[in-house]
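Here are my notes on the model you sent over. I went through the ligand surroundings, then the sheets, then a helix pair.

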Amino acid sequence: MIYEAKVNELAQEFGVHRNTIRNWINTGILPAREGPGRRYLIQWEDYRRLCDKYGREPRIKPDPAAPGKSTTVPRSSATAPAPVRLNVETKELDTSPGLADICLTCGSCAGACPISGVDELDPRKIVRMAFLGLEDEVVASSWPWKCTLCGKCEAVCPMNVEIVQLLRRIRARCDRDKVPGALRKGVVTCLEKGNNLGIPKDDFLALAREMGKELARTSCPGFGTPIDVRGARLLVTVNSKQPFAEPEAMTWWWKIFHAAGESWTISSEYWEGINWGLHAGDYGAMRTMVKRIIDNIERLNCTALLLPECGHAYYATRYALERWFPESLQQFKIYSVFDLLLEYLNQGKIRLDPAGQTKLTTFHDSCNYGRHSQKTFGHGYFEEARILTKACCKRYIDLVPDQEENYCCGAGGGAWADPFEAERVFHGRLKARQISASGAHLVVTSCLTCRDQILYSLNREFNLHVEVQFLWQLVANSLIMPPAETAGARRV
Ligand code: SF4
Ligand code: SF4
């Protein structure tokens, strides 16, 4: 064992002047080698002999389990940091080789993380803490909630450490009353009332019918909102933010369905598409919400499912179907927004005219449809997004970097709803910089959270002055509507 100490520490220990220690070292009375940080490295036997000569008990005893290991003189208790409490025997976060055990501590994850360093958040540190069993400390921190689960860190990890999965496990271990306010409230409200915002059934149905009448008056003659239509091919969920704050947004999809002659329906019960069980780390809630959708499909005898908004809804539902209800995937098909729109386009069910959209346009890849779908389901929706966007606009430019390397908007993983606004805006600076550098004036995206963060927050914080549209909003606005007598009449 090597004993490691500074001259002043040895002087204090042996009750002599610092120069005496230097003399002992210089004359060979105390054989020692100078090391980093002006510390001296002393063989344990030499240190023990000196202790014997002065009738002292060695302050440090060799650890028989760690031969050759160096040890340092402990600092006084007034300045010593809290001892690290290793808990490797009972650790629960790091339970598979895909998590932390194989980490090289290379720091690539920290280098890629847009908020590494903010409030001492550092994915490498989180991985090490999980590896060392410091679970209570990492669970009690605010890091898992300031992180957007964007996956930039694990995308660059040379050892494929599953950092996002680890962060989800940390969220899941958090006491439910410590889950940031809106996320927890949304989950509880959804479980109790059927949707995140507690919109009463009668209010929702009245609004949906009224919006259908409005659509019939303005652009889709003969349209009526299909509610609880048994035998419809496609069940479509609704994001409760839309009937609550932006009901017109529901009708962009409805217009596309009308033009494509789709056979579709929404359910009068449990129509919510949001699944904050994923963000809150509440897998019981996540499962319950997906089971409700399955029950609706069976009740209405549908054969396909679309979760129009947003990225996490598609990811959470498909993940839950594959994990807990794999037999359901034999009974019905789950569409992503890209799959369905491209199917309509390729099969000639919709026609698009790019002439109306002349602004330089770019596409922002959401983490859930992109990186996470790529990793979890084996396919990220990158090319599809660009085919559809380019079919609707005359001038297109990609962001740099994009697709799998794309930066998160800064509000993912529930960050739009949690209280860490400064961190959310700081994270979004990279997205703002990308958009600004592209020169685009229209940003198209496939996720409600990304849309809101860029439109309402980054625009204001970084003076972007860009328009932001959903992909299906752009498609709806670019539709060449079929003649009134055929639209809505054809059935897929
Ligand atoms: S990138 Fe991977 S291997 Fe490197 S420090 Fe991070 S978790 Fe460890
Ligand atoms: S998931 Fe994103 S925000 Fe979270 S630690 Fe990794 S890079 Fe950082």
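Predicted model: local features only at pLDDT ≥ 70, side-chain atom pairs only at ≥ 80, totals over all residues.

1. Let's start with ligand 1. Its shell holds 15 residues, and the closest are Cys103, Cys106, Ser108, Cys109 and Cys157. By class, the shell around ligand 1 splits into eleven nonpolar, three polar and one charged residues.

2. Which helices supply at least two residues each to the shell around ligand 1? They are H4 (108–112) and H5 (123–132). H5 gives the most, with three residues.

3. Now ligand 2, which has 13 residues around it; Cys113, Cys147, Cys150, Lys152 and Cys153 come nearest. Two or more residues of this shell come from each of helix H8 (152–156) and helix H9 (163–173). Sorted by class, the ligand 2 shell has ten nonpolar, two polar and one charged residues.

4. On to the sheets. One is an open sheet of four strands in the order E10-E9-E11-E12, with parallel pairing. Strand E10 (395–396) and E12 sit at its edges with a single partner strand each, so each has one side left without a neighbour in the sheet.

5. Helix H23 (residues 471–478) lies across E11 and E12, running at about 85° to E12.

6. There is also an open sheet of four strands in the order E6-E5-E7-E8, again with parallel pairing. Its edges are strand E6 (264–265) and strand E8 (333–335); each has a single partner strand, so one side of each is left without a neighbour in the sheet. Strand E5 (residues 234–236) pairs with E6 in the parallel sense over two bridges, and Leu234 stands opposite Trp264 in E6.

7. Last, a helix pair. A quick reminder: two packed helices are described by the angle between their axes and the distance between the axes. Helix H1 (residues 7–14) and helix H2 (residues 18–27) pack at an angle of about 105°, and their axes are 8 Å apart. Angles of 65 to 115 degrees count as roughly perpendicular, and H1 and H2 are therefore roughly perpendicular to each other.

8. Which residues make that contact? From H1 they are Val7, Asn8, Leu10 and Ala11, and from H2 they are Arg18, Thr20, Ile21 and Arg22. By class, the contact of H1 with H2 has four nonpolar, two polar and two charged residues.

How values were computed
Residues numbered from 1 in each chain as written. Chains lettered and ligands numbered in written order. Near = placed C-beta within 6 Å. Nonpolar A, V, L, I, M, F, W, Y, C, P; charged D, E, K, R; others polar. Pairing = 2+ DSSP bridges. Contact = placed C-beta atoms within 7 Å. Axes fitted to C-alpha atoms, helices over the stretch in contact; angles between N-to-C directions. Parallel < 35°, antiparallel > 145°, perpendicular 65-115°, else oblique.
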